[in-house]
Amino acid sequence: MSPRRVLVLSVVLVILCGVHNSNQCAKKDHGDADHQHNEQIIRSEIPEERSVGEPSVHHEDKDDIQDAESNNLEQTKRLGPEPEEEEEEEEEDLDVEELAEGEMEDAEKTAPARYDGAQLWRIHTSNVSNQDVIKLFESQYDGCVWKTKDDFVDVFLEPHRQEEARRALRDFDVPYEVSINDVQNLIDAQHRSREKKPRRDKRQAQASHQLTWDSYHDLGDIYGYMRTLSQKYPTICKLVNIGKSVEGRGILAMKVAGPKSQRVIWVDGGIHAREWISVASVMYVMDQFIRYWAKQPAHIRSATWYFLPVMNPDGYQYSRTTDRLWRKNRRNFGSCHGVDLNRNFDFKWTGVGASNNPCDMTYRGPKGLSEPESRSVAQFMEKLPRKPVAYITLHSYGQYVLYPWGFASAIPSDHRLLKQTGLDAAESAKLIDGALYTVAPAFQPFGAAAGGSDDWAKGHLKVKYVYTIELRDKGRYGFLLPTNLIRVTCREALTMIGVISKASLNVQQ
Ligand SMILES: [Zn+2]
């Protein structure tokens with residue numbers, strides 16, 4: 001781009017950036033509230049926070065695990081967030097249907113959001129700054145940034161803004177290509193794959209105790225399958241309800257441990273609602289470990305695993321039923337909904353990359369751990385009898401293995417070790433199907449973002465091996481990863497988690 005054009009673009013941006021524009025990037029919640037107004041909303045309209053209750057899981061010591069080994073099903077079912085509910089749950093099991101349903105049955109049903117003609121563009125920014133492009137597209141064309149990297153920005157655009165945006169890029173000589181020609185077509189394809197097989201899926205799941213990996217699944221199916229596994233493999237599995245979402249859904253984790261299990265490894269997914277592949281991948285790894293526990297290498301069997309496939313159950317289910325591109329939780333702020341749970345953890349909370357506007361995609365929440373979902377996870381992890389040696393959180397997309405820090409352009413003192421293990425993990429993923437995962441500190445590819453669960457695990461909980469893995473793809477489909485790529489991506493997650501598990505053997509506790 002010529003110096004004159006850079007100057008023109010900068011002048012245009014200075015003018016445009018005076019215009020406030022909230023960037024919610026979702027169909028149902030466009031809000032025009034300014035920041036001051038939103039502070040009032042926060043004070044006056046936050047529903048009274050639900051009491052989440054302390055996690056009331058009974059952590060077994062080795063002897064307890066031996067008890068479980070002797071098939072004592074009762075022993076494995078002392079679960080539940082509320083102490084007074086314990087007795088009932090001992091008799092009845094966790095009601096996973098109810099936990100997946102939540103407490104908002106009467107909520108007004110909205111028609112699913114449609115994205116006909118909407119496109120995803122990859123704008124190449126080697127000649128212009130990412131920030132300039134982002135500001136221009138957000139303020140002028142209602143663009144929604146899906147992903148940024150040092151040399152490109154992926155922007156989602158509604159059809160009626162595409163022509164002007166195209167003209168601007170042409171005028172400023174900025175190259176771009178259309179990655180997704182019609183977002184709704186991809187969403188429809190995912191729905192079709194879901195409609196085709198529900199009966200067969202269910203029969204298969206019941207008959208062979210297997211969830212399928214050729215479609216994405218509703219929360220009810222996921223929780224149902226977790227219960228199936230915990231019932232079928234009571235000696236190594238325990239279903240744990242670690243808390244309650246904003247809309248009253250259970251937040252279900254699975255503890256997987258054998259008699260030799262000691263050090264703790266945590267794996268979660270589904271913090272961001274639309275990143276369905278992260279949910280599928282946590283389920284896949286958990287399923288493989290449980291069903292083939294005896295065949296797992298010693299470094300897997302010597303760990304106590306916690307799998308939390310859906311940290312954001314309300315958002316996930318909302319993305320299944322109403323808005324495929326939803327990202328945040330479902331906290332109601334009046335004009336807008338949702339807190340970005342991955343900006344809500346209270347280590348370096350409210351720094352860069354986290355918005356103070358509830359209408360934004362990266363809204364950090366009114367305070368650190370303000371949300372029941374993030375708070376439940378933090379409280380549960382803090383109360384584990386052993387501090388985890390590894391914290392692995394799955395997201396999409398981009399194919400990255402990221403290690404701290406995310407809140408600033410900084411790296412921890414053990415960054416060499418984290419990087420080397422990340423490189424080993426990426427190398428193992430490549431062996432599956434040739435996919436390349438880039439290893440970097442989290443701030444590097446996307447810019448710093450404060451309040452992430454990974455920084456919290458490293459900075460607050462002092463977990464040694466902390467990774468955010470951004471799963472497939474590199475941007476061809478983005479969040480709308482086709483169902484035929486689920487299985488291969490899950491296998492990549494499995495092998496990478498194995499590499500991190502093996503490395504974590506060296507942690508002295
Ligand atoms: Zn994410």
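These are my notebook entries on what I looked up in the predicted model above.

**Ground rules.** I number residues from 1 along each chain as its sequence is written, and I keep in mind that this is a predicted model in which local features need pLDDT of at least 70 and side-chain atom pairs count only at pLDDT 80 or more, while totals for chains, interfaces and linings use all residues. Side-chain values use heavy atoms, with hydrogens and water left out.

**Entry 1, the chain as a whole.** I looked up the secondary structure and found 18 helices and 12 strands in the chain; helices (H or I, at least four residues) and strands (E, at least two) are DSSP runs, numbered from the N terminus. Of the 509 residues, 59% are buried, where buried means under 20% relative accessible area, exposed over 50% and partly exposed in between, with a 1.4 Å probe and protein chains only. The chain exposes about 20700 Å², of which carbon and sulfur atoms supply 47%; the areas come from the Shrake-Rupley method with a 1.4 Å probe, and for residues only the protein chains shown count as cover. Among contacts (heavy atoms within 4.5 Å) between residues at least 6 apart in sequence, 78% join residues at least 24 apart.

I then asked which atoms coordinate the zinc ion. The angles among the 4 donor atoms run from 58 to 152°, and the site is irregular. For that label, four donors count as tetrahedral if all angles lie between 85 and 135 degrees, four count as square planar and six as octahedral if opposite donors are over 155 degrees apart and all others between 65 and 115, and anything else is irregular. Along the sequence the donor residues follow the spacing H-x2-E-x119-H.

His272 sits in the loop between strand S7 (263–268) and H11, and it counts as buried because its relative accessible area is 3%. Leaving aside neighbours within four places in sequence, I find His272 in contact with Arg327, Asp340, Asn342 and His395. Glu275 is buried as well, and its backbone oxygen lies 2.7 Å from a polar atom of the side chain of Ser278. Ser278 belongs to helix H11 (residues 276–291) and is buried, with a relative accessible area of 0%. Strand S6 (residues 250–256) is mostly covered, with 7 of its 7 residues buried. Gly250, Leu252, Met254 and Val256 point one way from S6, Ile251, Ala253 and Lys255 point the other way, and all are buried. Strand S5 (residues 237–244) pairs with S6 in the antiparallel sense over 6 bridges; two strands pair if DSSP finds at least two bridges between them. In this pairing Cys237 stands opposite Val256, and in the hairpin, which has 5 residues between the strands, Gly248 takes a positive phi near 85°. S6 also pairs in the antiparallel sense with strand S8 (residues 303–308), over 3 bridges, where Val256 stands opposite Trp305.

Is Asp346 buried or partly exposed? It is partly exposed, because its relative accessible area is 38%, and its place is in the loop between helix H13 (313–321) and helix H14 (372–382). Neighbours within four places in sequence aside, Asp346 is in contact with Gly368, Leu369 and Trp456, and its side chain makes a polar contact with the side chain of Trp456 at 3.1 Å. A polar contact is a pair of N or O atoms within 3.5 Å; within protein, one must be able to donate a hydrogen and the other to accept it, and residues adjacent in sequence count only if both atoms are side-chain atoms. The C-alpha atoms of Asp346 and Ser453 are separated by 8.6 Å, although the residues are 107 apart along the chain. Lys348 lies in the loop between H13 and H14 and has a positive phi of about 55° although it is not a glycine.

Asp173, in the loop between helix H7 (159–171) and strand S4 (176–180), has a positive phi of about 65° although it is not a glycine.

Methods. Donors are N, O and S atoms within 2.8 Å of the metal (3.2 Å for Na, K and Ca); water is not among the atoms, so sites may look incomplete.
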